Amino acid sequence: MTAFAIFEAVALLQRRPVAVQALWDGDSSGWVISVQAVYAYGPSHGIEEVAHLRGSDGDLRIFNQAVPPWPETQIASEAGRLIEKHLEIPFFFPSPVEPESDCPDWWDRHLGKKCRTCSKLLLQEETLPWFGVCYFCHLKQRGADPKEAD
Ligand SMILES: [Zn+2]
């Protein structure tokens with residue numbers, strides 16, 4: 001899926017979203033970026049997924065310590081630029097460089113706390129072993145051996 005296709009999908013939505021967010025989700029075959037239209041329903045919010053971006057070789061890049069740029073982040077970021085510029089809808093992509101599953105939804109962003117190392121906005125459970133830093137910074141601090149990381 002191209003950035004322009006995502007932009008078009010948002011432009012063609014029946015209802016104008018209050019924001020568009022791009023959040024990471026991990027599953028058994030790797031990381032995906034879910035691009036979601038955010039709607040306000042009175043005091044609460046709902047989402048509608050408009051795109052699902054999956055990197056070509058999933059998690060292996062973390063485990064090989066190669067950590068090249070995630071190509072799907074560039075597609076999502078470019079789509080966000082188009083959406084903000086042409087539709088004037090805020091685009092929220094709290095982890096635009098690498099995967100992170102503990103970022104807040106757009107409507108919870110005021111509850112987020114920044115990673116102590118890289119300032120990425122996070123909304124973590126306090127029981128998380130690496131509470132206070134993002135998963136990526138946690139791996140780097142540990143020498144990035146994910147076999148030892150939990
Ligand atoms: Zn971090």
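1. The model under discussion is a predicted one, and the points below should be read accordingly.

2. Strands of a sheet pair through backbone hydrogen bonds, in either a parallel or an antiparallel manner.

3. Strand 2 (residues 30–41) and strand 3 run antiparallel and are joined by 10 bridges. Within this pairing, I33 stands opposite L53 of strand 3.

4. V35 has its place in strand 2. With a relative accessible area of 1%, V35 is buried, because buried means under 20%. Apart from neighbours within four places in sequence, V35 is in contact with I6, V20, Q21, A22, E48, E49, V50, A51 and L53. The C-alpha atoms of V35 and F92 are separated by 9.5 Å, although the two residues are 57 residues apart along the chain.

5. The model also contains a zinc ion, whose protein donors are the SG atoms of C115, C118, C134 and C137, lying 2.3 Å from the ion. The site is tetrahedral, with angles of 97 to 120° among its 4 donor atoms. For comparison, the ideal angle for four tetrahedral donors is 109.5 degrees. Along the sequence, the donor residues follow the spacing C-x2-C-x15-C-x2-C.

6. C118 lies in the loop between strand 5 (113–114) and strand 6 (121–122), whereas C137 lies in helix 4 (residues 135–141), so the pair ties together parts that are 19 residues apart in sequence. C118 counts as partly exposed, at 34% relative accessibility. C137, by contrast, is buried, with a relative accessible area of 4%.

7. At 7% relative accessibility, K120 counts as buried. Leaving aside neighbours within four places in sequence, its contacts include the zinc donors C115 and C134. K120 is also in contact with P94, S95, E98, P99, E100, C103, K113, K114 and F136.

Terms used
Residues are numbered from 1 along each chain as its sequence is written. This is a predicted model: local features need pLDDT of at least 70, side-chain atom pairs count only at pLDDT 80 or more; totals for chains, interfaces and linings use all residues. Side-chain values use heavy atoms; hydrogens and water are left out. Two strands pair if DSSP finds at least two bridges between them. Helices (H or I, at least four residues) and strands (E, at least two) are DSSP runs, numbered from the N terminus. Donors are N, O and S atoms within 2.8 Å of the metal (3.2 Å for Na, K and Ca); water is not among the atoms, so sites may look incomplete. Four donors count as tetrahedral if all angles lie between 85 and 135 degrees; four count as square planar and six as octahedral if opposite donors are over 155 degrees apart and all others between 65 and 115; anything else is irregular. Buried means under 20% relative accessible area, exposed over 50%, partly exposed in between (1.4 Å probe, protein chains only). Contact means heavy atoms within 4.5 Å.
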